[in-house]
Amino acid sequence: MSILIVGASRGLGLGLVAEHLKRGFDVIATVRKPEDEAALRALPGAERLTLHLADVTSDADAARLAADLSQGLEVVFINAGVYGPSSVTEASLDDLDAVMRTNAFGPIRLAHALLGHVKPGTGVLALTSSVMGSIAETESGFGAVYRATKAAQNSLARSLWADEGRKAGITVLSVHPGWVRTDMGGPGADIDIETSVAGMADQLAAAVGRHDHRFVAYDGREIAW
Ligand SMILES: NC(=O)c1ccc[n+]([C@@H]2O[C@H](COP(=O)([O-])OP(=O)(O)OC[C@H]3O[C@@H](n4cnc5c(N)ncnc54)[C@H](OP(=O)(O)O)[C@@H]3O)[C@@H](O)[C@H]2O)c1
C-alpha cells in the first residue's frame, strides 16, 4: 500500500506521514525546504519513506512530481494549506490571491496533474479541507477569507470528481481534520495531532471503493456543503 502526502514538513502532514508509516504503508512525502527532510527521515519506519520537494503553487513542481512518480498509489493526500489574511477588506488583493492559490487553485491543479497515479477502482484522492469551508455551517464572519478558500477547494474537488474522477473510478474525499493543536490551529485547539491523523487515516481506509466525493471530518461526521 502506498500513499503520497503533499505538505508534510510539520503539523498534520508530518503526523499523516508518521501514522501511515506506522500502518505499514510505503510513504512518499513532499516538503518545500530540504532542511525539513531531517524530521521525516527520523520517523520510525522511514526506510519506507521517499521524499520530494514541491510547492503546491508551482506548476513546474507539479509536473516534476508527476513525472518522478512511477507507481500507482492507493492514496494521494494534498494537505498543504495556510490561514492567510483574516480580513477580506483590509488585506491587499495580492495577499488574497496568494491564499486562494495555496489553498484552492494550487492543490487542485496538482490533483489534476497526479490523477493518473491514483489507482483506478480502489484509489482515493484526498484534500485537507476544513469545516470552515462549509457554507451551510457558517454562523460567523470569523476567518472569512480562509473559509472562502476551503469552500472553493471543495467546489473544485467536486468538479474534478464529476469529470475525471468518476471516469477514472476513484474516490475523492474533502477531509476536515478537526480543530487541531498545530502551528495553524494553536495551542488551545480541541485535539492533538495523533487523534486527528489516526481518524483521517481511518476515513481514507473507509472510503476505498466508494467512488463518490464526500466532505467528512476525521471522526467520520459527514459535513454539509
Ligand atoms: N490545524 C487545524 O485546526 C486545521 C483545521 C482545519 C483544516 N486544517 C488544514 O490542515 C492542513 C494542515 O494544517 P496544519 O494545521 O498542519 O498547519 P501548519 O502546521 O501550519 O502546516 C501547514 C503545512 O502546509 C505546508 N504548506 C503551506 N504552504 C505550502 C505551499 N505553498 N506548498 C507546499 N506546502 C505548503 C507547510 O509547509 P512549510 O513548513 O514549508 O510552510 C506545512 O507543512 C491545512 O490545509 C489546513 O488548512 C487545519
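## Briefing: a parallel sheet and its helices

Ser2 has Asp26 as its bridge partner in E2. That pair belongs to strand E1 (residues 2-6) and strand E2 (residues 26-31), which run parallel and are joined by five bridges. This is a predicted model: local features need pLDDT of at least 70, side-chain atom pairs count only at pLDDT 80 or more, and totals for chains, interfaces and linings use all residues. Residues are numbered from 1 along each chain as its sequence is written, and side-chain values use heavy atoms, with hydrogens and water left out. Helices (H or I, at least four residues) and strands (E, at least two) are DSSP runs, numbered from the N terminus.

**The sheet**

- Seven strands line up as E3-E2-E1-E4-E5-E6-E7 in an open sheet with parallel pairing; two strands count as paired if DSSP finds at least two bridges between them.
- Strand E3 (49-53) and strand E7 (213-217) sit at the edges, each pairing on one side only.
- From one strand to the next, the twist averages 20°.
- As background, strands of a sheet pair through backbone hydrogen bonds, either parallel or antiparallel.

- Strand E5 (residues 124-128) is mostly covered, with five of its five residues buried (buried means under 20% relative accessible area, exposed over 50%, partly exposed in between, using a 1.4 Å probe and protein chains only).
- E5 pairs with strand E4 (residues 75-78) in the parallel sense over four bridges, and Leu125 in E5 is the bridge partner of Val76.
- E5 also runs parallel to strand E6 (residues 171-176), with five bridges between them; here Thr128 stands opposite Val175 in E6.

**Crossovers**

- E4, helix H4 (residues 93-114) and E5 make up a right-handed β-α-β unit.
- From E5 the chain goes through helix H5 (residues 144-168) to E6, another β-α-β crossover that is right-handed.
- Right-handed here means that, with the strands pointing away from the viewer, the path from the first strand over the helix to the second runs clockwise.

**Helix packing**

- The axes of H4 and H5 come within 9 Å and cross at roughly 20°. Axes are lines fitted to C-alpha atoms, for helices over the stretch in contact, and angles run from 0 to 180 degrees between N-to-C directions.
- H4 and H5 are therefore roughly parallel to each other (angles under 35 degrees count as roughly parallel, over 145 as roughly antiparallel, 65 to 115 as roughly perpendicular and the rest as oblique).
- The H4 and H5 crossing is right-handed; a crossing is left-handed if the near helix is turned anticlockwise from the far one by less than a right angle, and right-handed if clockwise.
- Residues making that contact include Leu96, Val99 and Phe105 of H4 and Val145, Tyr146 and Leu156 of H5. Contact means heavy atoms within 4.5 Å.
- On to another helix pair: the axes of helix H3 (residues 59-68) and H4 come within 9 Å and cross at roughly 25°, so H3 is roughly parallel to H4.
- H3 passes H4 in a right-handed crossing, with Asp59, Ala62, Leu65 and Ala66 of H3 meeting Arg109, Leu110, Ala113 and Leu114 of H4.

**Val31 and Glu37**

- Val31 is found in strand E2 and counts as buried at 2% relative accessibility.
- What does Val31 touch, not counting residues up to four places away in sequence? Its contacts are Ala8, Ser9, Asp36, Glu37, Leu40, His52, Leu53 and Ala54.
- C-alpha to C-alpha, Val31 and Gly188 are 26 Å apart in space, and they are 157 residues apart in sequence.
- Glu37 is in helix H2 (residues 37-41). Is Glu37 buried or exposed? Its relative accessible area is 16%, so Glu37 is buried.
- Leaving aside neighbours within four places in sequence, Glu37 is in contact with Val31, Leu51 and Leu53.

- Most residues other than glycine have a negative phi, and most peptide bonds are trans.
- His211 has a positive phi of about 60° although it is not a glycine.
- You'll find His211 in the loop between H6 and E7, where His211 is partly exposed with a relative accessible area of 34%.
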